[in-house]
Amino acid sequence: MKRLYLILTLFLLTFCKSNPVDVKQLDILPTIYPDYIGVSIPPNIAPLNFLVRDSCKSVLVSVAFEDKKITASSRNNHVRFDIGEWKALINNAIGNDIEITVCAEKEDGEFYQFKSFSVHVEKDSIDAYLTYRLIEPDYEVFSRLKIEQRCIENFDRKDICNHNITNNSCMNCHTFAFNNPNTSLFYVRGANGGAILNRNGMLRKLNIKTLDMASSSVYGHLSKDGRYFVFSTNVIIPGLHADAAKRMEVFDTKSDVYVADFETNEITTSPLLSDTARSETFPCFSSDGRKIFFCSAPVLKNNVNDIKNVHYDLVSIDFENGKIGSHTDTIVKAEYGDRQISVCLPAVSPDGKYLIYTEADYGTFPIWHKETELRMIDLQNGTTDSLLGVNSRNSDTYHTFSSNSKWVVFASKRDDGLYGKPYFFHIDTDGKTTKPFALPQEYPDFYDNCLKSFNIPELSKGAVPFSTKDVESVLKMESEDFIKESHK
Amino acid sequence: MTHEKLKKISFVLLSLVSFMVFHILYKYHFFIQEQNRVFIWSEQYFAEYLSQNSILTRFLGDFLTQFFYYLYVGPVIAAALILLSVIESYRYFDKIFDKKLSYIIILSIEIVLIFTVFDNSFKIDYLLSILFGLLSYNIHSKCFKNEGIVPAVASLLIVYYLAGFAQIIFAVLYAVKSLKQKQLKVFWVLPAVALIIPIFGHRFFQTTYKNNLAYPKLYAPALPDSYAEFSYSIATEYYFKHFDKVEQMAITQDTMTAQSGIYYNMVQAQRDLLPDKIKSQKIPELGTLVHIDENSPLEAINLMNDFYYLLGDMAMAERAAIMAQVFSTENRNVKMIKRLCEINLVTGDTAIAMKYVRILEKTLIYKDWAKRHNPYTLDEKVEKEILEKRKFCNTSNSIRINDNCREILIELLESNPENTIALDYLLCTDLILGQVNTFKADYYKFCVQNGRKRLKPLYIEALSK
């Protein structure tokens, strides 16, 4: 304690002109970015570095739990904590609140102390690694893409795949088998592209497409054991709203769902998954692998503007030992009462308890719909939580669970409506959720400077066991082909 | 005057000539280099440099490039770096070869470097790496007298990290000197190490061997591209709103290019003279029939961004601006950041406009611009312009799957019938396509029915047909 007091005094004497005794107490909270006020965090998260948006020349921030306190100071508005001190404090505070106090030196040389705010440290840890694609918020064109993996316990990053090794091709749709870093898949498009399947670091390049498919796979999900890959093929048309605030609209003129078996290199489907009168998309496995959830809507007809009348149901179908069931169940109906909604991107928690989906007014590309919100179904009792404390006025979507089913990461455009960023929220044993917080960055102004969107953030328990060099090598190989199997 | 002095004077003179040539033939190229990136004063931004090799020359290159905004600075810096490289070459070659051969080599180097500047994708990092390679070898040589392979390898590693391909220059200079000193056992070692280092570079910098070897980038000598320079010049003068100059540049061409024609007509449209001036053009280029996609050159994308912004279609302007951003150096284009800020001020999307303001606040050149465009403290003049622009925005609720300009123009006119620029573009497009009946229908709908008759001779003549 004495040491901390000494550091604090030294700081104030060194950097501040005014006497720190003159600190004026304010009864308002500071304006900080990212907004970490009142959030809940996992105990293993990197320090919550932030910017003080209130006009100031220097800042001194203290984080306290019981009699322990750490401080961060700077001669601008950037607050960066020492990672070692942060970890030590947070480990002591598990299950409790930490109190953060911001003291700022204003332009007039006066010191102001804002009202303190708390951050709750949950008992549940979060998976240490987050994978996402970095892309400009305009999916029509791309250049210099990369899929990056970040250790969220600190600030380490590494590329899984980047434009240098793919000849600037598109890459997307990375997915893990329920957070398992040893079983994952992502796509590289272009001449030497293919689906890159990782099984314990051994990479295979696959051509998951048969002649009768409308396209290669677009949205997909791996079964827990990594044997099956359920995916949709989509003929995607990008459109542009005349209203600049709405920006893009992306829709499918055709889409079907298939299942690939990575042991036999066979692809199968069913008339229920590839109905010519309907568009089926966004498939995912249940945690036990015995159901496939997907979204389904009548095929878009005639005019592009009819997309506003296309609403996707959430549907499930049985799946066992590679066999697709003979009937579907509608879990969420797109049309109920006076309201019509469109369900997108279902994701099931690894413990099988919850299913979270995205709800938009219409269509199949929620990232550009400001009204897009997350909804959570309790699969045990069928109730739906509208996640009021989680959703924002801008798009909230592309969500996945952590391996312990206690944390959810999603891409949110809440800050500016254009650039998506990874946000996390906690689900406790009673299904209560918390205010989301943004992925902390080493440099607090990272998000201000970044001109890319974080696309499809996905958590994994560990780092992927391969490097870009391995991806570069596998891309030079021939793709493994798949054959179509008749309906089982 | 001694031969030595004459030699030195010839190098300096050639540099002076190169400065003048760069300024006369390539000043807009230098300006576009500056526009095509953004250098921001941020610890986070500086830290990004550490994740790739060639950190020093890339950082210095980007730092210096921001000053290319000002006239003369780009050519001065390029010529100065070439001269410094010549001085360092002189320090090396003059000691190794006889005077005549050394002079020929150095002169050749100077000429080659001058011509590499004419490559359309040229970046100043290249000259900095060349200079660093020569300079670092000379310093190393002075410290270690070319003795001991271990210090040489250590230096090579440092040179690679700081200046990328400069390590190859270092290794070659070392090898040549070793050969000259008949140290046949070691002359090959450094070039071999220089070829091996990028293999390990892959681990740290996550790019291909070829990229790692040539990082930041190697250029071949090229001849000046006067077509590109003209293209950059007209876009730049339009950017600075030097409309008289744009007009002058366009009409002094034997035949207007598509690009200069579009800029010329954009100027006329803002002067309310589009229908008057279009008659004198053999093949009028309006921009209404231009389509842009991922294969379009950056100049075309930039041009269409200006065009849609002029018409008032902020959705299309934003699309073009983000496209230009995507295809710029490091996906950051300062002109487009400014334009994206303007677009979002017009649409009233304050949060996103503020994001761009925050980036520009961290630049040396644009911080005043950022201050004037901060949505919370908007400059009075800027606010007036933004509000004026907002009146003409597209308020339709449609979705488009192409950039069919006829639909866009009609939506703009339905949103605000007073959008005279959109009206003239619609009517003039009808006429240059020879669609007189469509013209008459459009004129009736948007001029007669709205009670806004536009009595331009071109229209009166077409209506009488």
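A: Two strands pair if DSSP finds at least two bridges between them; strands (E, at least two residues) and helices (H or I, at least four residues) are DSSP runs, numbered from the N terminus. The model is predicted, so local features need pLDDT of at least 70 and side-chain atom pairs count only at pLDDT 80 or more, whereas totals for chains, interfaces and linings use all residues. Residues are numbered from 1 along each chain as its sequence is written, chains are lettered from A and ligands numbered from 1 in the order in which they are written, and side-chain values use heavy atoms, with hydrogens and water left out.

In chain A, an open sheet is formed by 4 strands in the order S28-S29-S30-S31, with antiparallel pairing. Its edges are held by strand S28 (342-348) and strand S31 (384-385) of chain A; each has a single partner strand, so one side of each is left without a neighbour in the sheet. S28(A) pairs with strand S29 (residues 354-360) of chain A in the antiparallel sense over 5 bridges. Within that pairing, Ala360(A) in S29(A) is the bridge partner of Ser342(A).

Another open sheet of chain A has 3 strands in the order S2-S4-S7, and its pairing is antiparallel. S2 and strand S7 (78-79) of chain A are the edge strands, each pairing on one side only. Strand S4 (residues 50-52) of chain A joins S7(A) in the antiparallel sense over 2 bridges, and Val79(A) in S7(A) is the bridge partner of Phe50(A).

The loops of chain A also deserve attention. Most residues other than glycine have a negative phi, and most peptide bonds are trans. The bond from Tyr33(A) to Pro34(A) is cis, with omega near -5 degrees, and Pro34(A) lies in the loop between strand S2 (32-33) and strand S3 (40-41) of chain A. Arg144(A), a residue other than glycine, has a positive phi, near 60 degrees; its place is the loop between strand S11 (129-135) and strand S12 (146-151) of chain A. Asp156(A) belongs to the loop between S12 and strand S13 (157-162) of chain A. Leaving aside neighbours within four places in sequence, Asp156(A) is in contact (heavy atoms within 4.5 Å) with Gln149(A), Arg150(A) and Cys151(A). Asp156(A) is 30 residues from Phe186(A) in sequence and 21 Å from it in space, C-alpha to C-alpha.

Chain B is divided into domain 1 (3-213) and domain 2 (405-463), with bounds from an automatic or database domain assignment. The centres of the two domains of chain B, taken over C-alpha atoms, are 58 Å apart.

Helix packing in chain B comes next. Axes are lines fitted to C-alpha atoms, for helices over the stretch in contact, and angles run from 0 to 180 degrees between N-to-C directions. Helix H4 (residues 73-96) and helix H6 (residues 124-144) of chain B have axes that come within 9 Å and cross at roughly 25 degrees. H4(B) and H6(B) are therefore roughly parallel to each other; angles under 35 degrees count as roughly parallel, over 145 as roughly antiparallel, 65 to 115 as roughly perpendicular and the rest as oblique. Their crossing is left-handed, a term used if the near helix is turned anticlockwise from the far one by less than a right angle, with right-handed used if clockwise. The residues that meet include Leu81(B), Glu88(B) and Tyr92(B) in H4(B) and Leu127(B), Leu131(B) and Asn138(B) in H6(B). This contact of H4(B) with H6(B) has 14 nonpolar, 3 polar and 2 charged residues; Ala, Val, Leu, Ile, Met, Phe, Trp, Tyr, Cys and Pro count as nonpolar, Asp, Glu, Lys and Arg as charged, and the others, Gly among them, as polar.

The peptide bond from Tyr215(B) to Pro216(B) is cis, with omega near 0 degrees. H11(B) packs with helix H13 (residues 258-270) of chain B at an angle of about 15 degrees, their axes 10 Å apart. H11(B) is thus roughly parallel to H13(B), and the crossing is left-handed. Among the residues in this contact are Phe230(B) and Tyr238(B) of H11(B) and Tyr263(B) and Met266(B) of H13(B). By class, the contact of H11(B) with H13(B) has 7 nonpolar, 4 polar and no charged residues.

Helix H15 (residues 298-311) and helix H17 (residues 334-347) of chain B pack at about 20 degrees, with axes 12 Å apart. That makes H15(B) roughly parallel to H17(B), and their crossing is left-handed. Asn302(B), Asn305(B), Asp306(B) and Tyr309(B) make the contact from H15(B), and the residues from H17(B) include Arg339(B), Glu342(B) and Ile343(B). The contact of H15(B) with H17(B) divides into 4 nonpolar, 2 polar and 4 charged residues.
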